[in-house]
Amino acid sequence: MAELPGTLLYYLKRSTEFLEKKEIPNPRVDAEWILSDLLNLPRIKLYSQFEMPLGQKEIDLYRERILERSKRKPVAYITGKKGFHKFEYLVTEDVLIPRPETEELVDYLWKGKENLKRNTAGEIQILDLCSGSGCIGLSLAQLLESSIVILSDLSEKAIEVSRRNAEKYNLTEKTSFYVSDLDLALPKELQFDLIVSNPPYIPESEKSEIMPDVLDYEPHMALFVSDFKAFHKRLLSAAKTRLNPGGKLMMETHPLYMDVLELLATELGFVSPKRILDSSKKERFFFAEAPALP
């Protein structure tokens with residue numbers, strides 16, 4: 001196909017070449033995502049619009065956003081959104097970008113929904129600890145019809161993002177939000193059938209191993225912990241106190257710290273601890289239950 005100056009294909013190719021020179025991984029894919037968002041076109045539709053001329057405003061905006069990506073700013077922060085499971089959530093630099101691994105956590109719980117306990121009203125009470133964008137809790141709120149979801153995060157700005165995502169999907173009636181250090185700000189009487197969490201779990205000692213796209217842009221308080229064992233003991237203790245008898249806990253975590261989590265959970269009285277592999281065969285998810293009533 002002829003590459004005519006001023007067309008969609010022309011700027012897509014120039015942008016790809018520019019990102020390639022800046023050693024950006026997957027430069028063509030990133031250039032396509034940024035352009036499809038700018039034009040409000042599904043990415044696949046770009047291929048039928050290669051000869052479409054771009055206006056000067058579109059060209060200027062596209063150059064500006066490609067320049068941002070060349071500085072390693074993640075595409076999701078440039079477009080302000082990220083697909084997750086069956087949904088698409090708003091994201092800002094105040095929240096982590098939802099990951100494919102976290103989708104697997106949601107999928108595991110969705111497929112095992114018959115095993116989740118319900119209260120006498122037939123509802124599943126869910127707590128999303130360290131909720132960030134709300135992608136876990138809000139996805140479960142939509143996938144599990146009879147669910148009531150509480151989202152808790154230490155960051156007020158993260159809670160604001162999750163509120164906006166709840167409004168986007170008309171979930172305000174079945175969700176509540178708390179700016180809280182774990183569960184400390186939640187009403188004492190709240191108990192749950194399921195607690196989910198993707199907490200900070202990367203030891204600060206591993207910062208040098210993290211790619212610049214993540215290290216330079218994503219919120220460190222949602223990524224790193226100074227003391228993995230101490231923080232997760234607090235998290236597990238809070239979860240144990242808040243779970244109904246037979247309630248379930250599932251969390252994303254560091255594959256190298258599963259032994260630590262299993263020992264802590266057992267000491268705190270959890271039963272049936274289980275390690276669950278992600279699609280890369282890494283021990284990514286930790287599952288445990290509160291003891292059932294005798």
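The notes below are grouped by topic.

This is a predicted model, in which local features need pLDDT of at least 70 and side-chain atom pairs count only at pLDDT 80 or more, while totals for chains, interfaces and linings use all residues. Residues are numbered from 1 along each chain as its sequence is written, and side-chain values use heavy atoms, with hydrogens and water left out. Helices (H or I, at least four residues) and strands (E, at least two) are DSSP runs, numbered from the N terminus.

**The sheet**

- Seven strands form an open sheet with mixed pairing, in the order β5-β4-β3-β6-β9-β11-β10, where two strands pair if DSSP finds at least two bridges between them.
- The edges are held by β5 and β10 (271-277), each of which has a single partner strand, so one side of each is left without a neighbour in the sheet.
- On average, neighbouring strands of this sheet are turned by 15° against each other, direction ignored; axes are lines fitted to C-alpha atoms, for helices over the stretch in contact, and angles run from 0 to 180 degrees between N-to-C directions.
- Strand β9 (residues 243-252) and strand β11 (residues 283-289) run antiparallel and are joined by five bridges, with Phe286 in β11 as the bridge partner of Met251.

- Six of the seven residues of strand β4 (residues 147-153) are buried, which is to say under 20% relative accessible area, whereas exposed is over 50% and partly exposed lies in between (1.4 Å probe, protein chains only).
- Strand β3 (residues 124-129) runs parallel to β4 and is joined to it by six bridges; the partner of Leu129 in β4 is Ser152.
- From β3 the chain passes through helix α6 (residues 135-143) to β4 in a right-handed β-α-β crossover, right-handed meaning that, with the strands pointing away from the viewer, the path from the first strand over the helix to the second runs clockwise.
- β4 also pairs in the parallel sense with strand β5 (residues 175-179), over five bridges, and Ile150 stands opposite Ser176 in β5.

- Helix α9 (residues 228-242) lies across β3, β6 (192-197) and β9, and runs at about 150° to β9; contact means heavy atoms within 4.5 Å.
- Helix α10 (residues 258-268) lies across β10 and β11, running at about 5° to β11.

**Cysteines**

- The structure holds zero disulfides, a disulfide being a pair of cysteine sulfur atoms within 2.5 Å.
- For Cys130, the closest cysteine sulfur is that of Cys135, at 12 Å, which is too far for a bond.
- Cys135 is buried, with a relative accessible area of 8%.

**Single residues in loops**

- Most residues other than glycine have a negative phi.
- Arg72, in the loop between α3 (56-70) and α4 (75-79), has a positive phi of about 80° although it is not a glycine.
- His85, in the loop between β1 (81-84) and β2 (87-90), likewise is not a glycine and has a positive phi, of about 55°; this residue is partly exposed, with a relative accessible area of 21%.
- His254 is found in the loop between β9 and α10 and is buried, with a relative accessible area of 8%.
- Beyond its neighbours within four places in sequence, His254 is in contact with residues including Tyr201, Glu206, Phe228 and Glu283; the C-alpha atoms of His254 and Phe228 are separated by 9.5 Å, the two residues being 26 residues apart along the chain.
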